[in-house]
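Please open the model in your viewer and keep the selection tool at hand.

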Amino acid sequence: MSIRTTLRQIMPRATILLGLLALPLVAMPVVNAGEKVTIEAPSPKKMGAGLVIMVSLQRAQ
């Protein structure tokens, strides 16, 4: 098998693979996420378990 034959077999697959890898980078400027710059996760609710653990450890001593 010659190099040209091998390249003809590999090139379509390589083109499709590179296209799929580049697609998110190309689509990034098109996506509109709104006016906010950052998306923050909601803050976790404080349960107060730290105080209970601290008191119980002090009593154990």
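**The whole chain**

Of the 61 residues in the protein chain, 0% count as buried, where buried means under 20% relative accessible area, exposed over 50%, and partly exposed in between (1.4 Å probe, protein chains only). This is a predicted model, in which local features need pLDDT of at least 70, side-chain atom pairs count only at pLDDT 80 or more, and totals for chains, interfaces and linings use all residues. Residues are numbered from 1 along each chain as its sequence is written, and side-chain values use heavy atoms, with hydrogens and water left out.

**Along H1**

Next, select residues 3-27, which make up helix H1, and notice that the count of buried residues among its 25 residues is zero. Within H1, centre the view on Leu7, which is partly exposed, with a relative accessible area of 45%.

Note on methods: Helix = DSSP H or I, 4+ residues; strand = E, 2+ residues; numbered from the N terminus.
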